[in-house]
Amino acid sequence: MSKSLFDLSGKVALVTGATHGLGMAMAEGLGNAGAKLVITGHSSQEKLDNAVAELREKGYDAHGYLFNVTDEAVVNEMVPVIEQEQGPIDVLVNNAGIIRRVPLLDMELSEWNKVLETNLTGVMVMTRPVVRRMIERGAGKIINICSMMSELGRDSVSAYAASKGGLKMLTQNMATEWARHNIQVNGIGPGYFATAQTAPIRVDGHPFNDFIIGRTPAGRWGNPEDLQGAAVFLSSDASNFVNGQVVYVDGGILATIGKPSNE
């Protein structure tokens with residue numbers, strides 16, 4: 001019984017921004033649980049094709065679609081195409097996002113708008129045509145990838161923090177509006193993870209590496225695979241009465257103010 005609660009066999013899971021990094025890791029987790037994978041990207045067809053090929057080489061039933069989640073006309077056109085070609089979307093993981101590390105006083109308005117458009121408005125644009133079909137079917141799972149910046153500020157990431165704080169509240173409001181239709185909307189808030197992007201600073205003696213290890217009760221960076229359990233749980237029947245929550249997968253960072261200086 002407990003195993004079947006987490007079984008995603010016969011389900012279609014769409015993960016945006018899943019051509020690499022944490023998005024691909026979560027897609028793999030859903031594939032391990034039996035889901036057919038649909039991944040999206042918008043940077044290049046080659047990158048998307050390579051990601052699909054990598055997933056297929058690992059034995060997953062994977063398919064890719066190239067489009068930008070902020071383009072409402074294209075999203076509204078592509079969702080029916082995906083459902084016609086791959087089947088009804090049972091799980092939507094809104095993972096696509098960007099960050100700009102610029103002090104707020106130095107940030108151009110165009111860059112601010114780009115971050116908010118991608119990380120917050122893009123989730124709304126991507127979700128609405130998917131959830132309309134979920135409502136018709138009377139079931140669905142939506143997972144919004146939030147951040148520790150949904151709870152905390154950090155120097156030079158004001159636009160990102162504003163978008164991820166807003167995404168937390170959007171998640172709660174989506175749940176408020178759609179739970180009555182047997183649709184569960186939740187979030188995952190990753191901590192600091194060992195990815196290709198963080199590789200240059202994940203070396204002994206680097207100040208930020210030492211800070212993260214010292215600040216994290218688990219005493220390490222997260223591995224991308226550490227997100228898979230939360231993704232499968234929130235995609236499966238095991239979470240059928242979980243709604244409007246953000247599961248922080250952060251090694252305990254948000255649970256503590258950190259070690260005292262004399263420890």
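**View 1. Helix H2 is mostly covered, with 9 of its 12 residues buried.** Buried stands for under 20% relative accessible area, exposed for over 50%, and partly exposed for values in between (1.4 Å probe, protein chains only). Helices (H or I, at least four residues) and strands (E, at least two) are DSSP runs, numbered from the N terminus. This is a predicted model, in which local features need pLDDT of at least 70 and side-chain atom pairs count only at pLDDT 80 or more, while totals for chains, interfaces and linings use all residues. Residues are numbered from 1 along each chain as its sequence is written, and side-chain values use heavy atoms, with hydrogens and water left out. The buried residues of H2 are Gly23, Met24, Ala25, Met26, Ala27, Glu28, Gly29, Leu30 and Gly31. The end C-alpha atoms of H2 are 17 Å apart, which agrees with the 16 Å that its 12 residues should span at 1.5 Å a residue; the expected span is 1.5 Å times one less than the number of residues. Glycine 34, with a positive phi near 110 degrees, follows H2.

**View 2. The largest nonpolar core has 30 residues.** Such a core is a set of buried Ala, Val, Leu, Ile, Met, Phe, Trp, Tyr and Cys residues joined through side-chain atoms within 4.5 Å. The members that touch the most others are Leu30, Leu37, Ile39, Leu55, Val93 and Ile188. At least two residues of this core come from each of strand S1 (12-15), helix H2 (21-32), strand S2 (36-41), helix H3 (45-57), strand S4 (91-94), strand S5 (140-145) and helix H8 (228-235). Another core, of 28 residues, lies apart from it and includes Val38, Ile89, Met174 and Trp178. In soluble globular proteins, nonpolar side chains tend to be buried together.

**View 3. Surroundings of isoleucine 39 and tyrosine 65.** Contact means heavy atoms within 4.5 Å. Not counting residues up to four places away in sequence, isoleucine 39 touches Val15, Ala18, Ala27, Leu48, Ala51, Val52, Leu55, His63, Gly64 and Tyr65. Tyrosine 65 is found in strand S3 (residues 62-66) and counts as buried at 9% relative accessibility. With neighbours within four places in sequence left aside, tyrosine 65 is in contact with Val38, Ile39, Thr40, Gly41, Leu48, Met78, Val81, Ile82, Glu85 and Gln86.

**View 4. Glutamate 83 lies in helix H4 (residues 72-86).** Glutamate 83 counts as buried because its relative accessibility is 14%. Beyond residues up to four places away in sequence, glutamate 83 touches Pro88, Ile89, Arg133 and Arg137.

**View 5. A search of the whole structure finds 1 cavity of 30 Å³ or more.** On a 1 Å grid over the protein atoms alone, a cavity is a set of points where a 1.4 Å probe fits but cannot get out, and a pocket is an open set with protein on both sides within 12 Å along at least five of seven lines; lining residues have an atom within 4 Å of a point. Grid points are joined across faces, edges and corners, and a volume is the space filled by probe spheres set on the points. The largest cavity holds about 40 Å³ of space. Its lining is made up of Thr16, Val69, Asn94, Asn95, Ala96, Thr118, Gly122, Val123 and Met126. Helix H5 (residues 109-137) gives the largest share of this lining, 4 residues. By type, the lining of the cavity has 4 nonpolar, 5 polar and no charged residues; Ala, Val, Leu, Ile, Met, Phe, Trp, Tyr, Cys and Pro count as nonpolar, Asp, Glu, Lys and Arg as charged, and the others, Gly among them, as polar.

**View 6. The largest pocket has a volume of about 1,300 Å³.** Gly97, Ile98, Ile99, Tyr160 and Gln197 are the closest to its centre among the 44 residues that line it. The lining of the largest pocket divides into 19 nonpolar, 19 polar and 6 charged residues.

**View 7. The second largest pocket has a volume of about 180 Å³.** Of its 13 lining residues, Lys11, Ala139, Gly140, Lys141 and Asp237 are the closest to the centre. The lining of the second largest pocket comprises 2 nonpolar, 6 polar and 5 charged residues.

**View 8. Positive phi at serine 156 and asparagine 182.** Serine 156, not a glycine, has a phi of about 75 degrees. Serine 156 sits in the loop between S5 and H6 and is buried, with a relative accessible area of 19%. The phi of asparagine 182 is near 65 degrees. Asparagine 182 belongs to the loop between H6 and strand S6 (183-190) and counts as partly exposed at 38% relative accessibility.
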